[in-house]
Amino acid sequence: MSRRLGGLLVPGVAGLMAVGWTTAGAQELNVYNWSDYIGETTLEDFVAETGVEVNYDVYDSNDVLEAKLLAGNSGYDVVVPTAQPHLARQIEAGIYMPLDLDRIPNAEGLDPILMERVQAADPDNQHAVIYQWGTNGFGYNRDMILERMPDAPVNSWDMIFNPEVVSQFEDCGVSVLDAATEVFPMALHYLGLDPNTESTDDLAQAEALMMSIRPYVKYFHSSQYINDLANGDTCLSVGWSGDVLQAAYRAEEAENGNDIHYVIPEEGTVVWFDMLAIPADAPNPVAAHDFINFVLRPDVMAGITNYVAYANAVPASLEMVDPEIAEDTRVFPSQEVLERLFVTRVVSPRFERERTRAWTRIRTGQ
Amino acid sequence: MSRKGFLPLGDRMTEGQMPMHLPATALLRWLQRLAYRLGIRGRGLVIAVPYLWLLLFFLVPFAIVLKISLSEALIARPPYSPLFEWVEGMYLEIRVNFGNYLFLLDDSLYAVAYLNSLKIALISTLLCLLIGYPMAYAIATADPAWRSSLLMLIILPFWTSFLIRVYAWIGILKQNGLLNNLLINLGLIEEPLAILYSDLAVYIGITYSYLPFMILPLYATLERLDRSLLEAAADLGCRPFKAFLTITLPLSLPGILAGSLLVFIPAVGEFVIPELLGGPDTLMIGKVLWNEFFTNRDWPVASAVAIALLLFLVIPIMAFQYLQGRQQEARR
């Protein structure tokens, strides 16, 4: 999943969808998913099997999806919000219909432990099933980092949050995700505070920590770093697991000598789950259920994971997943690592505003 | 503009001489009969069309945004409280919340972002003027055979998506981009310049994107300029530069104003260019609005920011135009 600004190009496509509405008879399905977040042939296969016509749009941030859903009449049948905090809040706002599990027999194959993890967002798993999941961590360019600091603590958040360490990499380029909701929980966790705190004192401490590393950060951006890491324009980037792995693959393909590694920091970090859900006002709920059932079929799910390099929650698919991905602990973390991961939760609107405000201060000094 | 061109349309139609085979004509005729009954005729009808347009596409959206700005944020769909509510089927309850506007005064962020947007827009407008004026002047004084080709070159980039052109600047300005590589190869610099993700990149992006909006109105005024005035000045011994300052420049003032407004107004609210080219410390009101709407999901405050922006931008400009209009009338 690349949560990139390319999504800005896309919203116009939504307008085009309306063209298909009038064709009576043939079933339709409108899917709204993250960009680069589906298998190479998943949609074609679904169309071939069911004869349902699929309109497929992509977005690059949960905020954009949420704004459309909150406005109502989005026209989408299947959407893929992140469980915490977005899906949780959207369920509270009454956005989704409960899933009819009789229509999704393949949901039986979902990993019960992972599904339990998302119950905090969706009590009793009534509204959504796991699509893909991953972690927040950082990627680094091995040669550039070791050249500047041979004993760099490459498996620790010290790389980012310790000013003495991160300052050494200022000249080769450090980037951080541009999202208060993603970065503050990690900063709070590094400080030993509750990542889901609503205390303004805790927030102030995290802000002070961010300010202390701010001089060494080249830019805050949530997608630019994929290319920059791959090209050697940055050497250390806070990012999402799959995106950093994409950067690593791109550098490998280009044979440009950049050796990129993804790290799930040993202190623990944010784990997130992207969920398949159906808006209550979906125009084609039957086809939507069929689509979710199709995606959860082990062979289909394996095709998706092989392409996007994120983890899925269908254990039966793993034997069909490329061993290089299935055995990669950066994609499917070990049980021991899993226990150190935490989810972010919904915070009150008041705290959300203060957090955004603090983020603006960090970004701009205002 | 001759008035004659407008009047006959209305007159002819009342006489029923317009061809009636098009449904659009029938609709127009119906609208016209309606207008006739309402006492709007001929010229009034022509003027009514743009007003109707403004009503539909400016005033109605404005009213909707104004309404949202006076409500309260909720976790619901839509995420704000209703302004009017029927209570027990008989009382109309109106809840107006001015808190969102007061909130804007509370936090200096909004004022700072707004002033910063004004600064960036102003500097970009000046840059556009400095680059655009000589270009417009050169085109206007070029051989007539060349003029349309030169104008075409100004308009041509518009045929490519605006977004793609801004993305192209990323490739030009970045650390190992075209510009830095060129300067290093020429031996002018040793270390690559950090232009991308800075205010400078935003100025470049805005100036580049809006330059045609400056050139076209300038060209229109300069092209119509009466050259005999310059010849007279030369005959009377005025040097070309002085003639430019005392004749050309004042006479092209309407073009300068029109071009500057066309660049300045959209530049203040610009979001895409600072988002793509600007640094983390580039603070503009468009980004603040985005944050309110998307990150804080506070539609009422986002709407209040939008309304405040509009008032601070539109009222001074309207006042300015009004004063200018009066000045022109006084001159007649």
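Reader: How much accessible area do the residues of the nonpolar surface patch that includes B:L54 have together?
Author: This is a predicted model, in which local features need pLDDT of at least 70, side-chain atom pairs count only at pLDDT 80 or more, and totals for chains, interfaces and linings use all residues, while side-chain values use heavy atoms, leaving out hydrogens and water. Residues are numbered from 1 along each chain as its sequence is written; chains are lettered from A and ligands numbered from 1 in the order in which they are written. A patch is made of residues with over 30% relative accessible area and no salt bridge, joining like charges within 9 Å and nonpolar side chains (Val, Leu, Ile, Met, Phe, Trp, Tyr) within 5 Å; accessible areas come from the Shrake-Rupley method with a 1.4 Å probe, and for residues only the protein chains shown count as cover. B:L54 belongs to such a nonpolar patch on the surface, among whose members are also B:W53, B:F57 and B:F58, and their accessible area together is about 1,300 Å².

Reader: At what relative accessibility does B:L54 count as partly exposed?
Author: B:L54 is found in helix α3 (residues 42-69) of chain B; helices (H or I, at least four residues) and strands (E, at least two) are DSSP runs, numbered from the N terminus. Buried means under 20% relative accessible area, exposed over 50%, and partly exposed in between (1.4 Å probe, protein chains only). B:L54 counts as partly exposed because its relative accessibility is 44%.

Reader: How many salt bridges are counted between chain B and chain A?
Author: A salt bridge is a side-chain nitrogen of Lys or Arg within 4 Å of a carboxyl oxygen of Asp or Glu. The structure holds 21 of them over all chains. Between chain B and chain A, the count is eight.

Reader: Which residue of chain A forms a salt bridge with B:D298?
Author: The closest N and O atoms of this pair are 2.7 Å apart, and the partner of B:D298 is A:R353. B:D298 lies in the loop between α14 and α15 of chain B and its partner in helix α17 of chain A, so the pair joins two chains. B:D298 counts as buried because its relative accessibility is 12%.

Reader: How much area do chain B and chain A bury between them?
Author: In contact, meaning heavy atoms within 4.5 Å, are 34 residues of chain B and 36 residues of chain A. Buried area is the accessible area (1.4 Å probe) that two parts lose on being put together, summed over both. With 59% of it on carbon and sulfur atoms, the area that chain B and chain A bury is about 3,200 Å².

Reader: What is the relative accessible area of B:G278?
Author: B:G278 has its place in the loop between α13 and α14 of chain B. Leaving aside its neighbours within four places in sequence, B:G278 is in contact with B:Y197, B:S198, B:V202 and B:I273. B:G278 is buried, as its relative accessible area is 8%.
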